[in-house]
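Reader: Got a model here to walk through. Can we go over it together?
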Amino acid sequence: GNTTGGALQCETVQTTILTTGGSTTTGTVTGRWSLTGASPTESRFEATYSADVAEYYEGDAVYEVGTVPIFGGDKEVTTTNTIADHRVAGVVSETAGFVMYTACPGLKNCVALTGRVPCKVKGKINKGDIVVTSEIEGVAMKSAEVVKPGTIIGKAIESYDSDEVGMIEIAVGRS
C-alpha cells in the first residue's frame with residue numbers, strides 16, 4: 001500500500017480473521033463496502049450465536065428482553081394491553097446479529113424485526129402458532145383463528161401452556 005495524507009491506502013487485504021481483540025471490544029468500519037464472492041453461497045456474513053435483525057427505538061421506558069413493544073406512547077415505542085394490536089413493532093432483543101440505528105436517543109430499546117428471539121408469552125401455544133399482543137402489557141399470546149393484517153408478531157418455535165407469563169423462542173416477522 002501507499003500513504004495519502006498519513007493514511008495507509010491498500011487495494012486488497014487478505015485475511016481469515018479480523019478482530020478487535022475481545023468479544024466486548026467494539027470495532028468500526030468506515031466507508032461504503034460491498035460483499036462479493038464467486039457464488040451467492042460464498043458472499044455472506046454469519047452471526048454464530050445471534051439470530052435476529054434489530055433496530056433501536058426510543059421507548060417510554062427501557063423494556064426487558066422478550067417484551068413486545070408497539071409504536072406509540074410519548075416516544076417511539078411503548079407497551080399495550082390491547083389484544084392483537086396493529087401497532088406491534090417486534091420483540092425486545094439483546095443478542096441481535098445485526099443492529100441498526102445505534103445513534104438512537106433517549107431510552108434505547110433494541111427491537112428485533114426479523115429472526116429468532118425469546119418472547120414473553122401466556123396461554124396455550126403450539127409450535128407454528130401465530131402470536132399477537134395480549135391483554136397483558138408487553139406479552140404475546142396465540143392469535144385467534146382470523147388474523148388481521150399488521151397484528152402478527154411472528155410464529156412460535158416452541159410450545160407453551162400456562163396462564164403465567166413465560167418465555168419461548170419465536171420467529172419474528174413470520175406470517
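Reader: Which residues does I153 touch, leaving out those up to four places away in sequence?
Author: This is a predicted model. In it, I153 touches V68, V88, G90, V91, V131, V132, T133, A140, I170, A171, V172 and G173.
Reader: And the largest nonpolar core, how many residues has it?
Author: The largest nonpolar core has 16 residues. V91, I153 and I170 have the most contacts inside it.
Reader: Which strand gives the most to this core?
Author: β8 does, with 5 residues. β8 and β12 (160-172) each supply at least two.
Reader: OK, strand pairing. How many bridges join β9 to β11?
Author: 2 bridges. β9 covers residues 130-133, β11 covers 154-156, and they run antiparallel. I130 stands opposite K155 in β11.
Reader: What about β9 and β10, how many bridges there?
Author: 3 bridges, again with antiparallel strands. β10 spans residues 140-142. V132 has M141 as its bridge partner in β10.
Reader: Which residue in that hairpin takes a positive phi?
Author: G138, with phi near 80°. The hairpin has 6 residues between the strands.
Reader: Switching to the surface. Which residues make the nonpolar patch of about 290 Å²?
Author: F98, M100 and Y101 make that patch.
Reader: Where is Y101?
Author: Y101 is in the loop between β7 (98-100) and β8 (108-125).

Definitions and conventions
Residues numbered from 1 in each chain as written. Predicted model: local features only at pLDDT ≥ 70, side-chain atom pairs only at ≥ 80, totals over all residues. Heavy atoms only, no water. Patch = residues over 30% accessible without salt bridge, like charges linked within 9 Å, V, L, I, M, F, W, Y side chains within 5 Å. Areas by Shrake-Rupley, 256 points an atom, 1.4 Å probe, with all protein chains shown as cover. Salt bridge = Lys/Arg side-chain N within 4 Å of Asp/Glu carboxyl O. Helix = DSSP H or I, 4+ residues; strand = E, 2+ residues; numbered from the N terminus. Pairing = 2+ DSSP bridges. Core = buried A, V, L, I, M, F, W, Y, C linked by side-chain atoms within 4.5 Å. Buried < 20%, exposed > 50% of the residue type's maximum accessible area, 1.4 Å probe, protein only. Contact = heavy atoms within 4.5 Å.
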